[in-house]
Amino acid sequence: MARDEEAAGRRGPPSYGGEVNAFIVTTCIVAAFGGLIFGYDLGISGGVTSMDSFLMKFFPSVYRKEVADQKQNMYCKFDSHLLTLFTSSLYLSALVACMCASTITRKYGRKLSMLSGGLVFLAGAIINAAAVNVAMLIVGRLLLGIGVGFCNQSIPVYLSEIAPAKWRGAMNIGFQMMITIGILAANLVNYWTAKIPSGNGWRISLGLAAVPALMITVGSLFLPDTPNSILERGDAAKAKQMLQKIRGSDDVDAEFEDLVRASAAAKKIDRPMRRLLTERRYRPQLVFCTLIPFFQQVTGINVVMFYAPVLFKTLGLGQSASLMSSLITGFFNVIATFVSIYVADRFGRRSLFLEGGIQMIICQVVVGGMIAGSFGTSGTGQLSTAAAVLVVVFVTGFVMAFAWSWGPMGWLVPTEICPLELRSAGQAMNAGVNMLFTFVIGQFFLSLLCHLKFGLFFLFAAFVVVMTAFIYFFLPETRNVPIEDMGEVFRRHWFWRKYAVDDDDNNKGGSAPRRSVELK
Ligand code: BGC
């Protein structure tokens, strides 16, 4: 707490005001549509790869193995790299796309990245729905990945810039909200298409990705560019007008003044990614933009998102009960995200991270313990129905904890801590590391389960212990701090101050000069 106060500072940075108006709410909702395409992808592949007709058509050897291999221990039943590659390959192309999108976002604006992302994603969805061979499937997946990469890089930046400081948390969490809605929509679609007798249900599942793609493509045509981005591209008068419009007031001088300074500083910076990687004063941003997404993924959340139906089935629930259980976790994933919208700007990011972390540890240990008790190391055994239901309850508790902590905060904090000159590069790093470890978990979870058995759940729990401690000691509270004044928060932090302290000297190199402000 003392650390917290020290970080946020009783004499914290200034507040610019700015209320939520209809224009800004609509804008943020439209921008957050981009989260739908990511969520839909996260949620759709698990169900599709469990459809027999899909496996028979594209992965016949996997299908034969699955049907023939009834005697394997439960930990290793679904261990197939070929199949998991279908799920995870998308995140590899997304990783590359994030890095390229960073330049487009910075030089040509956040809107163009969103528009390009939506269009490429649309093409991917169409190719996937029409796929007649594995090559078409893979090309489609790669295009989807490019779309996801562009949107995941640009949308969190866009949302953080357009929102007034007071509401930045809530508005940015709109992105996570759309991700969870996308996942739930995908679960529902799979639940329905798996039952289509022709066996072509998977085409509908994959093709319906075109719907969120159209929403963000068309939506992005109507979105305003952010004042930060307009300024970055040199049109001060237009940027000020836009700021007045989105704040719903002519009295924006203080905020605009800071934007201009930040933008002038940003202009002096070339090769921002390189600076992020090499300059000492950007060490806090580098650490958070790499560790937060890494930690977010090693919670094991995507084990549930990708493999929940398989996992529940493996634990002894029937096919339909397994799909239903996945729908239940998907539903609570959406509901719990509302909690973070409410809490993030009132009680702060740290409280969410810390509570969520503790709850995740408890749930993981209970689930791991129950699996160990019933299946041991041999992988043979059975959970009673009551025990299986209890597992579903604790998995849901885990998903809810993630949904109000590391899920939304994992996208919010890295964007809001970067100064303008680094924002695009910082978010590319955040989204890129996120995609990399989404790929790793997607690709290797099933074989890790085969080797580590129930111990895998304890391994995830151990990661959550480390990351919760990391947040406790190293993350300053960023609630209510105007985004252009974030440097102040680091200058007051017990650990980061030694990196940020020479910021004035660094201004010669380009960081925004500090306005001397009378702080409340
Ligand atoms: C994560 C995804 C995850 C989703 C679950 C997002 O914040 O980046 O990997 O599947 O939350 O809701």
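A polar side-chain atom of Asn333 lies 3.1 Å from an oxygen atom of the ligand, a polar contact being a pair of N or O atoms within 3.5 Å. The protein buries 100% of the 310 Å² that the ligand exposes when taken alone; accessible areas come from the Shrake-Rupley method with a 1.4 Å probe. This is a predicted model, in which local features need pLDDT of at least 70 and side-chain atom pairs pLDDT 80 or more, while totals for chains, interfaces and linings use all residues. Residues are numbered from 1 along each chain as its sequence is written, and side-chain values use heavy atoms, without hydrogens and water.

**Ligand site**
- The ligand is surrounded by 14 residues, and Gln176, Gln296, Gln297, Asn302 and Trp411 are the closest; near means a heavy atom within 4 Å.
- An oxygen atom of the ligand lies 2.5 Å from a polar side-chain atom of Asn302, and for Gln296 the corresponding distance is 2.9 Å.
- The shell around the ligand has six nonpolar, eight polar and no charged residues; Ala, Val, Leu, Ile, Met, Phe, Trp, Tyr, Cys and Pro count as nonpolar, Asp, Glu, Lys and Arg as charged, and the others, Gly among them, as polar.
- With three residues, α8 gives the most to this shell.

**Protein chain**
- The chain has 25 helices and zero strands, taken as DSSP runs (helices H or I, at least four residues; strands E, at least two).
- Of its 520 residues, 60% count as buried, meaning under 20% relative accessible area (1.4 Å probe, protein chains only).
- The C-alpha atoms fill a box of roughly 70 × 50 × 40 Å along the principal axes.

Terms used: Polar contact = N/O pair within 3.5 Å; in protein donor to acceptor, adjacent residues only side chain to side chain. Buried < 20%, exposed > 50% of the residue type's maximum accessible area, 1.4 Å probe, protein only.
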